[in-house]
Amino acid sequence: MFSKKASLFSAFAFLGIFSTELNVTAAHADKAPLIHNGDFTAISAPYASPEKTANSGHLAFEAARKNNKLILLDFGANWCPDCRVLAGILANPEVSKWVKAHFAVATINVDHLDNANMKKARRWGVEIHAIPTVLALTPNGTLLNKDALLALGDARKMNSQQVVDLLQTWLDRGTEAKKIEQEKNYTKENSLPDQPKYYENSEIKLGQNLNVPAS
């Protein structure tokens with residue numbers, strides 16, 4: 001992990017302190033798949049240029065909404081060792097197949113933490129100080145891993161199974177979060193209007209609308 005700060009929590013620390021802000025129960029809806037062959041090779045240049053990746057987040061959201069998936073926004077750079085290792089793990093055939101089934105992934109090049117792509121994470125109140133920083137989101141934009149943005153930052157110390165197990169945790173949170181979002185949308189769509197539509201923007205007296213003689 002590369003960082004501008006003197007100290008950062010390791011991935012393993014994050015794995016032990018996941019909060020239950022989304023009220024996810026201890027029992028997962030689905031278990032992470034068992035990776036039988038976790039071999040991988042770090043990818044030398046997993047990120048396209050900053051200019052070419054500027055719109056990748058938007059495209060990932062479109063794909064996620066269309067296919068009912070979650071989003072992973074991977075902020076990193078080609079010079080970053082952990083970013084290259086993480087890309088290699090995600091490219092492992094077993095891991096890749098599972099990830100593609102559940103996530104729309106966008107790789108966003110922030111180079112040396114000095115270009116306009118850095119601002120994209122601010123929409124969720126995130127300032128990038130180290131890479132890789134990975135945001136897990138619902139299609140409606142709910143951030144699922146605020147407590148673990150750098151959990152994949154020590155990818156060189158992780159294996160394929162640990163990465164998948166972590167992503168499964170976020171997937172479980174996403175399942176719960178989408179249920180909450182759907183309940184909120186249902187409540188909003190079925191709530192009574194503030195005033196009956198039949199007399200909105202009308203100069204007719206309320207009594208006349210109700211066919212009651214006005215006093």
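Analyst: A cavity is a set of points on a 1 Å grid over the protein atoms alone where a 1.4 Å probe fits but cannot get out, and its lining residues have an atom within 4 Å of a point. This is a predicted model, so local features need pLDDT of at least 70 and side-chain atom pairs count only at pLDDT 80 or more, while totals for chains, interfaces and linings use all residues. Residues are numbered from 1 along each chain as its sequence is written, and side-chain values use heavy atoms, without hydrogens and water.

User: How many cavities of 30 Å³ or more are there, and which residues line the largest cavity?

Analyst: The count is one cavity of 30 Å³ or more. The largest cavity holds about 40 Å³ of space, a volume being the space filled by probe spheres set on points joined across faces, edges and corners. Its lining consists of L72, D74, L86, L90, V105, V134, L152 and L167. Strand β2 (70–76) and helix α4 (81–91) are the elements that give two or more residues to this lining.

User: What is the overall secondary structure?

Analyst: Seven helices and five strands. Along the sequence the pattern reads β-α-α-α-β-α-α-β-β-β-α-α.

User: How do I read burial, and what share of the protein is buried?

Analyst: Buried means under 20% relative accessible area, exposed over 50%, partly exposed in between (1.4 Å probe, protein chains only). Of the 215 residues in the protein, 41% are buried. Take helix α5 (residues 93–102): V95, S96, W98 and V99 are its buried residues.

User: What happens at the start of α5?

Analyst: A side-chain oxygen of N92 comes within 2.9 Å of the backbone nitrogen of E94 there.

User: How many salt bridges does the whole structure hold?

Analyst: A search finds three. A salt bridge puts a side-chain nitrogen of Lys or Arg within 4 Å of a carboxyl oxygen of Asp or Glu. One of them pairs R156 with D82 at 3.1 Å, N to O. R156 sits in the loop between β5 (133–137) and α6 (160–190) and D82 in helix α4, so this bridge ties together parts 74 residues apart in sequence. D82 is buried, at 1% relative accessibility.

User: Where does D147 lie, and which residue does it pair with?

Analyst: D147 meets R173 in a salt bridge of 3.0 Å, N to O. D147 is in the loop between β5 and α6 and R173 in helix α6, so the bridge links distant parts of the chain, 26 residues apart. D147 is buried, with a relative accessible area of 17%. R173 is buried as well, at 5%.

How values were computed. Helices (H or I, at least four residues) and strands (E, at least two) are DSSP runs, numbered from the N terminus. A polar contact is a pair of N or O atoms within 3.5 Å; within protein, one must be able to donate a hydrogen and the other to accept it, and residues adjacent in sequence count only if both atoms are side-chain atoms. On a 1 Å grid over the protein atoms alone, a cavity is a set of points where a 1.4 Å probe fits but cannot get out, and a pocket is an open set with protein on both sides within 12 Å along at least five of seven lines; lining residues have an atom within 4 Å of a point.
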